[in-house]
Protein chains: 2
Amino acid sequence: MKNSTPQPEDLSARIARAIRDAIVEGRLIVDERLPSEAELSEQFEVSRPTVREALKRLAAQSLIRTQRGASGGAFVNRLSFEDAHAQQITTSTLLLSMNDVRFDVACEARFALERACAPLSAQRRSADHLATMRAEIHRQGQPGLTDEAFCTSDVTFHRALVDGAGNPVLSYQLAGAVEAMQPLMNMITFTTRSREKVIALHQVIADAIAEQDGTAACAALTALEEETQALARKALAARAETQQQATG
Amino acid sequence: MKNSTPQPEDLSARIARAIRDAIVEGRLIVDERLPSEAELSEQFEVSRPTVREALKRLAAQSLIRTQRGASGGAFVNRLSFEDAHAQQITTSTLLLSMNDVRFDVACEARFALERACAPLSAQRRSADHLATMRAEIHRQGQPGLTDEAFCTSDVTFHRALVDGAGNPVLSYQLAGAVEAMQPLMNMITFTTRSREKVIALHQVIADAIAEQDGTAACAALTALEEETQALARKALAARAETQQQATG
DNA sequence: AGTTTTTCATTTGTCAGACATTTAAAAGTC
DNA sequence: GACTTTTAAATGTCTGACAAATGAAAAACT
């Protein structure tokens, strides 16, 4: 009986939904101005604060932007790849951290997706992308680099690989998978030896991309995945042992 | 000089950001209750409506949920895969439609990502996933099926393929790529002949997945990509011709 | 006439206070 | 002890107001 009315939606939620539907269905187009808050409150027969709450909901999703002053108002926002990118990353990050997603699951997803990009990137990467990859490899070899900085560089390297495919949709979709891994990677303590292995594989990948050899890049990515998984297992085991010492 | 203060963020945006950061950085954990709106307005030294606007922003991103009554309030929400899934789809759909992303770009991304799933799906798919795929193939062969229904079935088929990989992170990341294509696919008019080709390739994919042959599934996906791209080119050309007739 | 300055109306941003509604816990009753 | 009633706390909503930004029209000036 409880679920007959799951959750009578708030007025502001209903209004937000109505406007969102109008945008998604194309009844409101990009840069079109919405009625003023006063007009909206008349149309929906609610108070202005309620309308405002609805508009803030939409603003939070980058669906509208607001401007003050005469001829200001709320405008349908062109959702940019940049905005979508950022949203994707925070959503993915939270998703992984809040649901206790196992490292190996996230890692598998990440490398599977990257392998999807490798062949395209091998074909199309610009000199810039390649230069970024090589620069990051160099950075990763610097002594005295913290683990966190190493991970950040790792992400930059892989993003260059993905962006090399020259497909913005692909870059957008991959953003979450690549960047959201960083907090998980930070669990790992990278020894000098393990860094050397990772860097060597990065080198193989960069070389393969340079020679437009997608197959080789995929193979190196697979090797890197196995190496990463092994490192994570080791970190996890070490952590378990520490905990056992603490409790026992 | 204009960019020195790019856009003085609203109070409600600032407060939302502060709380969001607290959640992302783990200072607020799942199911933890936030201070009441009255307390928040004191802490941030703003009025309750402003606090409420901030909370609505967070609610729009499924970061919090609110409950009325005594011992009610705003609680940090566990971002579920389901919620994230839904958000991803609407974001991806809007992104594609608002930025005039070319069909071939979106299509390329979609199939590249699906090929990343195919080997995993071939290894792990359950009987259920396979049954869904076969059922959709059968549905696609039914006469009198509208183009829209055909596309819907196509999406269901491909989602089963992706879900077969048994990696929820992968399923989540792929959701946008697969589902957001549907509006684009609906441009295409499927002739009986073209449907037959698509169905035949679906059959090849399903068989490959059944026999745990990831390589064959990938090959069939590539063939399906080429077929889809060809159909889209045809639809585009036909549209261009119609327009020329209208204007000329 | 042309240009600059001022005024003004519009619109969002913010605030204060009030009431309605929901809900769980406390108090009261049998 | 089990049930009912009361109560307090919290969100949901409304009204009315003022502040601040901004573009356009009006006015003033050259």
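In the predicted model, helix H2 (residues 37-44) of chain B packs against helix H3 (residues 48-60) of chain B at an angle of about 105°, the axes lying 9 Å apart. H2(B) is therefore roughly perpendicular to H3(B), since angles of 65 to 115 degrees fall in that class. On the H2(B) side, the contact is formed by Glu37(B), Ala38(B), Leu40(B) and Ser41(B); H3(B) contributes Arg48(B), Val51(B), Arg52(B) and Leu55(B). Sorted by class, the residues in this contact are 4 nonpolar, 1 polar and 3 charged.

Chain A is superposed on chain B by a rotation of 180° with 0.0 Å of shift along the axis, at an RMSD of 0.1 Å. The two copies are thus related as by a two-fold rotation axis. Both copies use the same surface, as 100% of the contact residues of chain A recur in chain B.

The largest nonpolar core comprises 106 residues, of which Leu170(A), Ile205(A), Met133(B) and Ile205(B) touch the most other members. With residues up to four places away in sequence not counted, Ile205(B) touches Met133(B), Phe157(B), Leu161(B), Ala217(B), Ala220(B), Leu221(B) and Leu224(B).

A polar residue, Ser92(B), is located in helix H4 (residues 81-98) of chain B. The relative accessibility of Ser92(B) is 3%, so Ser92(B) counts as buried, the cut-off being under 20%. Apart from neighbours within four places in sequence, Ser92(B) is in contact with Tyr172(A) and Gln173(A) of chain A, and with Gly176(B) and Ala180(B) of chain B.

Conventions
Residues numbered from 1 in each chain as written. Chains lettered and ligands numbered in written order. Predicted model: local features only at pLDDT ≥ 70, side-chain atom pairs only at ≥ 80, totals over all residues. Heavy atoms only, no water. Least-squares fit on C-alpha atoms with pLDDT ≥ 70 in both. Contact = heavy atoms within 4.5 Å. Axes fitted to C-alpha atoms, helices over the stretch in contact; angles between N-to-C directions. Helix = DSSP H or I, 4+ residues; strand = E, 2+ residues; numbered from the N terminus. Parallel < 35°, antiparallel > 145°, perpendicular 65-115°, else oblique. Core = buried A, V, L, I, M, F, W, Y, C linked by side-chain atoms within 4.5 Å. Buried < 20%, exposed > 50% of the residue type's maximum accessible area, 1.4 Å probe, protein only.
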